[in-house]
Amino acid sequence: MKIRFNLFDEECVLNLIPKVFKKIFPRIREDEGSAETAGKSADPEHSDKKLSPAEISPPAVKEESMPSRDEDENPFSNPPELRRVIQAPVLIENLFPPESTEVLIKAQPSTNHDQCLFRINRPVLPGYSWWFGKFEDAQGSPLAERLFSIDGVEAVLVHEDTVTITRLEKTGLDWKPLAGEVGTAVREVMQQGTPLIAEKIIREMPSEDEIRSGIQRAIDTEVNPGVAGHGGNVTLNSIKGDTITIQMGGGCQGCSAADVTLKQGIHRTFREQVPFVGAIYDETDHAAGLNPYF
Amino acid sequence: MPKLMNFKLQIETGEPGMAGPVLFTINNHKLPLENIQGTTDPGGVFEGGFDVNSFAHSLTLVGPEKGQWHIRKIKVDYECGDSAPYTVTFGEVTLDETTEVNIWKDPPLPTFDV
């Protein structure tokens, strides 16, 4: 028998072992499966036929008893099941007493203290969000005009029943003095009873499809080519009104610079290319998956 | 990320429900919940928990092996090593054999009235 094999091919070598064994001991019968049967047939005293010493063989090894590579318990043959992690909305319940007639406001500074979220027990801009990046943008919107009159306010984001203030001073830790002024300003404007935000903003608002296609174009042409250099990618998850939710993947997921990339790069690009985009939320779970902090 | 001592889940199921066992993953290890009671049939309320005593990088509720599972609400009570116990309520979500839903939230940021 001519056997051709490659010593560097592990599978070939493993398949070769039983063939060589069979070549050396040609009397191994295919039906000698159990050790008991094999032992009995090998014992000349218990055998009907007398065997020569050369014919006395060690316990038979059936070729099929050798596990093939396919039957091996290979830990890599069944990789762990990968499921997509989705995010459910977090419900804020019983934040304010429902019967209250007063304007109630709760302030929540962000972890790095550059922004503060104000939840109000009154609608501010139902169904939409709007970003006022500078004082000139606030013209015609009494709430935003009043908020920009406070020293230290850099930008204002309104969404449903919330107002988020970004302040100029990034290093200060205590939001209470500025938050108190913001609360007073919000109450003043709400008690006037006039529209809080310019009506032309909603009147001129493009459709969700237009905003979606604009954002997708910005992602495809500018954002993703930019983050691809670091193995990252950004996807548009959902759009509601002019509020969008994105997700960062690849090298962006869990990256320590993700927040800077989001605020300095992605937000700026979106707002330049799609001026009608409102709030931009990042839905990335930066600690999840098999490869965070890549 | 704080050390998670234990958590308790309360799941309100919508339509359709789920027939299989309720599983969760912690740091990508899939486990069944302990001290379970209730049901995941349509309209049912299921409760369970787990003593983690470790640092949770990710915590998810695993979708069914087959079909869909509509969840109306998930209420999670967390007990962490270095902060007061807190509760987070998640809204509607539909899971299937390809998905799991994140049920981990850091302790809420402090708020104050203005």
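Five strands line up as an open sheet with mixed pairing, in the order E1(A)-E10(B)-E6(B)-E2(B)-E3(B). Strands here are DSSP runs of E, at least two residues long and numbered from the N terminus, and two of them pair if DSSP finds at least two bridges between them. This is a predicted model, where local features need pLDDT of at least 70, side-chain atom pairs count only at pLDDT 80 or more, and totals for chains, interfaces and linings use all residues. Residues are numbered from 1 along each chain as its sequence is written, with chains lettered from A and ligands numbered from 1 in the order in which they are written.

- E1(A) runs parallel to E10 (residues 99-102) of chain B, and the two pair over 3 bridges.
- Along that pairing, A:Ile86 has B:Val101 as its bridge partner, while A:Val85 stands opposite B:Glu100.

**Where the chains touch**
- The contact (C-beta atoms, placed from the backbone, within 7 Å) takes 25 residues from chain A and 23 from chain B.
- On the chain B side, E10(B) gives the most, with 4 residues.

**Confidence**
- Over residues 28-65 of chain A, pLDDT stays under 50.

Definitions and conventions:
pLDDT = per-residue confidence, 0-100. Contact = placed C-beta atoms within 7 Å.
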